Amino acid sequence: MSTTANGGHRLPYEVIEGGNGPYLFLVHGMLSSRRQWRPNLEALCRHARPVMFDLWGHGDAPCPLDDESYQVHTIIGEFERVRQELGAQRVLLCGQSLGACFTLRYSFEHPERVIGQMFTNSMSALSPPGAFGDPAQRQARAALIEAEGSSALAKLPFHPRHARRLPAEVRDELIEAADGVDPRAFARLSTITGPQLSVTTELRRIACPTLLVNGVWEKTFQPLRDIAVRDIPGCEVADLQAGHAVNLENVAAFNQVVADFLGRGRGGGGGAEWPTPGPEGPAGVGSLQRRQQRLQAGRAVERLDSGDHRLETL
């Protein structure tokens with residue numbers, strides 16, 4: 001665990017023992033922690049060596065109070081620092097929600113360092129800049145959070161205490177993680193980092209194999225799903241019966257489609273090879289969709305309850 005680069009602060013990370021293949025950087029979303037990935041680790045370890053990060057003020061991460069720490073380039077720089085510490089020439093990426101904003105940006109700012117990537121529903125990454133309020137609105141929300149503290153965080157619609165589909169033990173663990181988030185870090189991520197998160201104008205710069213694992217029950221995200229398919233070269237999509245927390249709400253299906261994607265890469269830590277995108281989309285996407293259909297056979301498609309769709313505010 002690394003716990004101490006700006007102002008002496010560093011993002012902590014944990015390398016999971018027993019993995020096979022390249023390092024896989026896993027980055028969680030808001031009000032979560034690296035615990036987000038626990039149900040997926042066994043499957044991921046078959047094809048990669050998971051490296052789980054905690055973002056500022058979440059999990060074991062410190063809460064720096066300087067503005068520079070919350071610049072997107074600083075957070076991306078932390079991933080690059082860890083890659084160098086691990087001695088990895090190239091890595092795999094997987095970002096969930098807020099975390100996808102950082103992993104997607106890393107993929108096109110450091111294309112020579114990325115083998116391939118996966119990401120889940122991320123309103124913040126794929127919405128246009130300014131979609132979540134102007135600076136004054138962000139500042140007002142942040143001031144309220146800092147004034148009221150954890151009680152204000154608990155009222156947010158994406159706090160896991162409001163989740164309805166998570167297994168009880170997972171939900172309890174995520175509530176504990178969310179209750180431990182430092183409100184000062186949340187406020188700074190909202191006001192400083194938030195306006196920098198959109199990557200919609202940069203998606204065509206992505207050059208590595210990319211898989212979006214989409215939770216179809218988050219209805220507001222589905223138009224953004226289509227933007228990702230249109231603008232990310234060769235982007236594959238796995239549409240799963242789940243909502244925003246797709247890796248936790250449909251663990252078996254998430255683990256399988258991610259394992260399928262990683263399993264198509266060959267060459268250990270250096271030169272993974274995925275099918276070359278063709279005019280009808282990435283080769284192998286048909287088999288991926290057939291796998292999804294088998295996994296979802298017999299599962300009832302739940303209706304998305306009103307009020308369960310707005311899961312990000314950044």
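**Confidence**

The model is predicted, with a mean pLDDT of 86 over the chain and with 82% of the residues at 70 or more. Over residues 1-6 the pLDDT is below 50, although this stretch has 21 contacts in the model beyond near neighbours in sequence. The pLDDT also stays under 50 over residues 266-272, for which the model has 13 contacts beyond four places in sequence. Where pLDDT is low, the predicted coordinates should not be read in detail.

**Nonpolar cores**

The largest nonpolar core holds 58 residues, of which Phe25, Leu31, Phe53, Phe79 and Phe102 touch the most other members. Helix H3, residues 98-109, gives the most to this core, contributing seven residues. Leucine 31, one of the residues named for the largest core, is in contact with His58, Leu153, Leu156, Phe158, His159, Pro160, Ala178, Val181 and Phe186 once its neighbours within four places in sequence are left aside.

**Helix H2**

Helix H2 runs over residues 72-86, and its 15 residues reach 22 Å from the first C-alpha to the last, close to the 21 Å expected at 1.5 Å a residue. Because 11 of the 15 residues of H2 are buried, this helix is largely enclosed by the rest of the structure. The buried set comprises Val72, Thr74, Ile75, Ile76, Glu78, Phe79, Glu80, Arg81, Val82, Arg83 and Leu86, and these residues pack against E1, E2, strand E3 (49-53), strand E4 (91-95), H3 and helix H8 (183-193). Just after H2, glycine 87 takes a positive phi of about 70°.

**Cysteines and polar side chains**

| Residue | Relative accessible area | Class |
|---|---|---|
| Cysteine 101 | 2% | buried |
| Cysteine 235 | 7% | buried |
| Serine 190 | 9% | buried |
| Glutamate 17 | 70% | exposed |

Serine 190 is found in helix H8, and its side chain reaches the backbone oxygen of phenylalanine 186 at 2.9 Å. Glutamate 17 is placed in the loop between strand E1 (13-15) and strand E2 (23-27). The C-alpha atom of glutamate 17 is separated by 8.2 Å from that of proline 50, although the two residues are 33 residues apart along the chain.

Glutamate 249 belongs to helix H10, residues 246-249, and its side chain makes a polar contact with the side chain of arginine 165 at 3.4 Å. With its neighbours within four places in sequence left aside, glutamate 249 is in contact with Arg165, Leu166, Trp217, Ala242, Gly243 and His244.

Definitions and conventions: Residues are numbered from 1 along each chain as its sequence is written. This is a predicted model: local features need pLDDT of at least 70, side-chain atom pairs count only at pLDDT 80 or more; totals for chains, interfaces and linings use all residues. Side-chain values use heavy atoms; hydrogens and water are left out. Buried means under 20% relative accessible area, exposed over 50%, partly exposed in between (1.4 Å probe, protein chains only). A nonpolar core is a set of buried Ala, Val, Leu, Ile, Met, Phe, Trp, Tyr and Cys residues joined through side-chain atoms within 4.5 Å. Helices (H or I, at least four residues) and strands (E, at least two) are DSSP runs, numbered from the N terminus. Contact means heavy atoms within 4.5 Å. A polar contact is a pair of N or O atoms within 3.5 Å; within protein, one must be able to donate a hydrogen and the other to accept it, and residues adjacent in sequence count only if both atoms are side-chain atoms. The expected span of a helix is 1.5 Å times one less than its number of residues. pLDDT is the predictor's confidence in each residue, from 0 to 100.
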